[in-house]
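This report covers one protein chain.

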Amino acid sequence: MLDAEGQPAARDTPRPNDLAAWWMPFTPNRAFKRRPRLIARAKDMHFFTADGRAVLDGTAGLWCCNAGHGRDPIVAAIQAQAAELDFSPAFQFGHPKAFALAARIAALAPGDLDHVFFCNSGSEAVDTALKIALAYWNLSGQGQRTRLIGRERGYSGVGFGGISVGGIVANRKMFGTALAGVDHLPPTYNREKQAFTKGEPEWGAHLADDLDRIVALHDASTIAAVIVEPMAGSTGVLPPPKGYLQRLRKICDKHGILLIFDEVITGFGRLGTAFAAERYGVIPDMITFAKGVTSGTVPMAGVVMRKGIYDAFMRGPEHVIELFHGYTYSAHPLACAAGLATLDVYRDENLFGRAAALEGKWADAAMSLKGTPGVLDIRTLGLVAAVDLASRPDAVGKRAYDAMEKAFHEHGLMFRITGDTIALSPPLIISEDQIGEIFDKVKKVIAQVI
């Protein structure tokens, strides 16, 4: 690296205003670095820029800060844990908070999903669940069950397993064939049939029946698992049609296929229940989680699985490793402390119930944008909403990008975009006044970019 005069710079010279070195993820780096959106601190419902300007968080960080920012009990738990036990290996050793957090999460999960495997991100959780599914069938004497079924317009992280079962073109096209033997269900969204729906659309349950077609093509004896997001989030908020998930469960049962719910976004209150599986009365065989488990404070993720899956691995000699899989930072002490404190906040403030109680007001506020020039569709579910904008013919995605920039710099609001869709998913501590504030500002921003 050269200094301002073109001479070699000292390797440890601080360069606080140099934005060049960080290659930012899922970001148009050149556009960002021309006009940065920098955040210096956060508290409760707001981020703050370096000059102290408040920015209302309409995205719970990145679908993750469900309890809000800088919550004192969570901060204190992390600080205390760092002083007490900064790290403990998860291979062949354990620490008490890992077992305590696993028990708390298992208690929140429905049915007999009562064993937890920890990792560090939603992407790792998905790859973990897929590996467990494949290993389970090997142990069950059906090792030919290797095919995995995802869904078009699904997002299941960025590992090779996740992009294979995922169905977002941009996440797949540059990285080769990824995993072989993967097939996809059709997406659950049809604007003509579902536009401006609050909650679950009436149309679309039959789309689950496409799994029968896939089974007929490949034969059930080759299929290990189906993985879907109960609500597809990152692709633009696609709620499941009424009866869709229940139908998918029945078809999986008919053919003996494992069903995995990717609840990285929907877990921990986003849809008004601990997990979306509870909202829909469907018990999958595995649930992946991340994000909200620590309210975004420390990376943490995992897989909750049914007892029968766990038990299938516990049949060999006791001294032999049952699953050759894991991560250095699985069940990291700081993450476990953060998770336990976060679950306490959710419980003590009844934030899952609060999200359920606010769902109607949230949906009404979102639908107030109907009829706004340039708005093609609005979708809501739980405390999530999506607003589809008409694309510019010569620059798909540019209208929403401009809206995001204006919202941050001119209106003190952060939201997420995917293509020309504005996505909103605020912390569960949001007030009714702040709900109104978010959609008032979104309407002003849309008027500026149309």
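## Strand pairing at β7

In this predicted model, Thr197 has Arg379 of β12 as its bridge partner. Strands β7 and β12 (residues 375–381) run parallel and are joined by 2 bridges.

The two strands belong to an open sheet of 5 strands with mixed pairing, ordered β7-β12-β13-β16-β15. Its edges are formed by β7 (197–198) and β15 (416–418), each of which pairs on one side only.

## Helices across the sheet

Two helices are described here in relation to the sheet. Helix α14 (residues 351–367) lies across β7, β12, β13 (384–389) and β16 (421–424); its direction is at about 175° to β12. Helix α16 (residues 432–449) lies across β12, β13 and β16, and it runs at about 165° to β16.

Asp210 is part of helix α9 (residues 210–218). The residue counts as partly exposed because its relative accessibility is 22%, and buried residues are those under 20%.

Apart from neighbours within four places in sequence, Asp210 contacts Leu185 and Pro186. Its side chain also makes a polar contact, at 2.9 Å, with the side chain of Arg213. Between Asp210 and Leu19 there is a C-alpha to C-alpha distance of 47 Å, with a sequence separation of 191 residues.

## Confidence of the prediction

The protein chain has a mean pLDDT of 96, with 96% of its residues at 70 or more. Among its elements, the highest mean pLDDT (99) belongs to strand β9 (residues 258–262), and the lowest (92) to helix α7 (residues 169–172).

Conventions: Residues numbered from 1 in each chain as written. Predicted model: local features only at pLDDT ≥ 70, side-chain atom pairs only at ≥ 80, totals over all residues. Heavy atoms only, no water. Pairing = 2+ DSSP bridges. Helix = DSSP H or I, 4+ residues; strand = E, 2+ residues; numbered from the N terminus. Contact = heavy atoms within 4.5 Å. Axes fitted to C-alpha atoms, helices over the stretch in contact; angles between N-to-C directions. pLDDT = per-residue confidence, 0-100. Buried < 20%, exposed > 50% of the residue type's maximum accessible area, 1.4 Å probe, protein only. Polar contact = N/O pair within 3.5 Å; in protein donor to acceptor, adjacent residues only side chain to side chain.
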